[in-house]
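User: Got a new chain on screen. Can you walk me through the geometry?

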Amino acid sequence: MNINIQLDEQHVEKIHYLEQQLNMQLESLIQKGIDVLYEQQQHKSSKAFQILQETGFIGCMEGDGNLSENYKNEIYLDDKL
């Protein structure tokens, strides 16, 4: 993929600094930045899923397939006791 972008002076300076400090070419630097952001997003998504599972927010139940029509009968089991 070819990318053509316009950067302000602040970002140009940051790129030059990173190229020198990390001894990386621009292409590798961009790829690394994408990889880091991708990993962060993946971690956030899996962390959110893990929290929902641990808190019991994600669950399952058996039913007759008409849950959207008769969910009160299925969920409110205390009324049946």
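User: Which residues make the nonpolar surface patch of about 500 Å²?
Analyst: Met1, Ile3, Ile5 and Leu7 make that patch. Keep in mind that this is a predicted model.

User: Take Ile3. Where is its place?
Analyst: Ile3 sits in the segment before helix H1, which covers 9-22.

User: And is Ile3 buried or exposed?
Analyst: Ile3 counts as exposed, because its relative accessibility is 58% and the cut-off for exposed is over 50%.

User: Back up a bit. How many helices and strands does the protein chain have?
Analyst: Three helices and zero strands. Along the sequence, the pattern reads α-α-α.

User: What share of the protein chain's residues count as buried?
Analyst: Of its 81 residues, 2%. Buried here means under 20% relative accessible area.

User: On to the helices. What should H1 span, and how far apart are its end C-alpha atoms?
Analyst: H1 has 14 residues, so at 1.5 Å a residue it should span 20 Å. Its end C-alpha atoms are 20 Å apart, which agrees.

User: What about H2, how far does it reach?
Analyst: Helix H2 takes in residues 26-54, 29 residues in total. From first C-alpha to last it reaches 42 Å, close to the expected 42 Å.

User: Which residue just after H1 takes a positive phi?
Analyst: Asn23, at about 55°. It is in the loop between H1 and H2.

User: Why flag that one?
Analyst: Most residues other than glycine have a negative phi. Asn23 has a positive one although it is not a glycine.

User: Is Asn23 buried or exposed?
Analyst: Asn23 counts as exposed, because its relative accessibility is 70%.

User: And just after H2, what has a positive phi?
Analyst: Gly56, with a phi of about 85°.

User: How many residues line the largest pocket, and which lie nearest its centre?
Analyst: The lining has 21 residues. Nearest the centre are Ile5, Leu26, Glu27, Leu29 and Ile30.

Note on methods: Residues are numbered from 1 along each chain as its sequence is written. This is a predicted model: local features need pLDDT of at least 70, side-chain atom pairs count only at pLDDT 80 or more; totals for chains, interfaces and linings use all residues. Side-chain values use heavy atoms; hydrogens and water are left out. Helices (H or I, at least four residues) and strands (E, at least two) are DSSP runs, numbered from the N terminus. Buried means under 20% relative accessible area, exposed over 50%, partly exposed in between (1.4 Å probe, protein chains only). Patches are made of residues with over 30% relative accessible area and no salt bridge: like charges are joined within 9 Å, nonpolar side chains (Val, Leu, Ile, Met, Phe, Trp, Tyr) within 5 Å. Accessible areas come from the Shrake-Rupley method with a 1.4 Å probe; for residues, only the protein chains shown count as cover. A salt bridge is a side-chain nitrogen of Lys or Arg within 4 Å of a carboxyl oxygen of Asp or Glu. The expected span of a helix is 1.5 Å times one less than its number of residues. On a 1 Å grid over the protein atoms alone, a cavity is a set of points where a 1.4 Å probe fits but cannot get out, and a pocket is an open set with protein on both sides within 12 Å along at least five of seven lines; lining residues have an atom within 4 Å of a point.
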